[in-house]
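Please keep the sequence and the structure in view while reading.

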Amino acid sequence: MWFCVKCGKRVPKEELIRGYCIDCFTRNIGLLERVPEIKLTVCPKCGSWLYQGEWNLPLPESEILESVTRHELRKYLVKDAELQALRVSNLEYVSFNTVKFNVVLNVLVNGRSLSLDHELTARISRKQCPRCVARSTGKYNYLVQIRFTEKDLPGELLRGVLSAVLAHVDRDGLINAREVPEGVDLELDDISTVKKILDVLHKKYAARINTSFRATRYDAHQGRWIGVTTYVARIPVFSENGIVTYRGRIGLVKFMNPGKLILWFPSTDLYEEIDIKEYWRGLLKPASRIEREVYTVKDINGDMALLENTSTGDVKRVKLKGWLKNLKPGDTVNLVKVDGLETFTPRS
Ligand SMILES: [Zn+2]
Ligand SMILES: [Zn+2]
């Protein structure tokens, strides 16, 4: 049998900690060499918290205290003691910036697992985090300008672009969204949100993006220029049932999918899926000036038709192929002229 060196109580050897019984060890030695002084700063606006020079994501106060206490206690635990678990409870504000709380520690000392209660005090100062400060002064680091290749926009295009953009961003990173005559300006302070927005604009709307940087001041501390990075995302404008030219043919936009157009080519009566990016290669263009003339089918002879311009009386002989095969005498069709190209289309 062994004895506690402090109180003389008989104790089995495996229950001794450094010669003490558990009671004497916790009373005389304890687990902490010193009671830690817990200090931290919390942003009153968003709840982010500053600890050891770094702002961390918002958490409930008890979880913030748990995290900070865990860090602090490691420094003050007695030698050979290992912190295994920690739980904070009974938070109580004793003044505006002082909170008392209870912490239950599970610690392993010399192979023995001990559980101990401590009452600790934390000083919490309140200060707005840099992000909230920037936001309240309207400062932003990134400007995304959504622009279009045409002045006259179908209203649903702008609304569609905006809702697609906003659905893909965590609004926390968005400071301001403004409608301007040429489109929309988004002011942001978070590069990952900017990247998500640009990705949507590029993939879904085939936007071409130009980047520029405007320095506002030199930060000697960081050794670099601070300023605003501007991304101009220009979106090609097409509309359903609109007329386009594609590689020397006139086409009608039948459907619009993300980044794609489904075109119908009257000359061949075929549908094709075209990547909107072809716009940027100069191969796909919305028709800017369209002339339309109305013709009436006067006569059909084998696979040839005689068409007469209803206002000028001009006559054309046309081979009946593609959709034209279904024409009957008396039908009317449009002759559409775009950029020196022409084709017959049904009158809708
Ligand atoms: Zn003892
Ligand atoms: Zn904040």
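Two strands are said to pair if DSSP finds at least two bridges between them, and the strands (E, at least two residues) and helices (H or I, at least four residues) are themselves DSSP runs, numbered from the N terminus. The model is a predicted one, in which local features need pLDDT of at least 70 and side-chain atom pairs count only at pLDDT 80 or more, while totals for chains, interfaces and linings use all residues. Residues are numbered from 1 along each chain as its sequence is written, and chains are lettered from A and ligands numbered from 1 in the order in which they are written.

## Overall form

The protein chain holds 5 helices and 23 strands. By an automatic or database domain assignment, the chain is divided into domain 1 (31–130), domain 2 (138–235) and domain 3 (243–346); the C-alpha centres of domain 1 and domain 2 are 40 Å apart. Along the principal axes, the C-alpha atoms fill a box of roughly 125 × 50 × 35 Å. The radius of gyration of the protein chain is 37 Å, whereas a compact globule of 348 residues would have one near 20 Å; this radius is taken over C-alpha atoms, and the globule rule is 2.2 Å times the number of residues to the power 0.38. Of the 348 residues, 19% are buried, a residue being buried if 20 or more other C-beta atoms, placed from the backbone, lie within 10 Å of its own.

## Strand pairing

| Strand | Partner | Bridges |
|---|---|---|
| β6 (residues 81–95) | β7 (residues 98–109) | 11 bridges |
| β7 | β8 (residues 112–126) | 12 bridges |
| β19 (residues 291–301) | β20 (residues 304–309) | 6 bridges |

β6 and β7 form a hairpin with 2 residues between them, and Ala 85 has Asn 106 in β7 as its bridge partner. The hairpin of β7 and β8 likewise has 2 residues between its strands, and there Asn 110 takes a positive phi near 45 degrees; Phe 101 has its bridge partner, Leu 120, in β8.

β19 and β20 belong to an open sheet of 5 strands, paired antiparallel in the order β21-β20-β19-β22-β23. Because β21 (315–319) and β23 (341–346) stand at the edges with a single partner strand each, one side of each is left without a neighbour in the sheet. Asp 299 stands opposite Leu 306 in β20.

Technical notes: A residue is buried if 20 or more other C-beta atoms lie within 10 Å of its own, exposed if 12 or fewer, and partly exposed in between; C-beta atoms are placed from the backbone.
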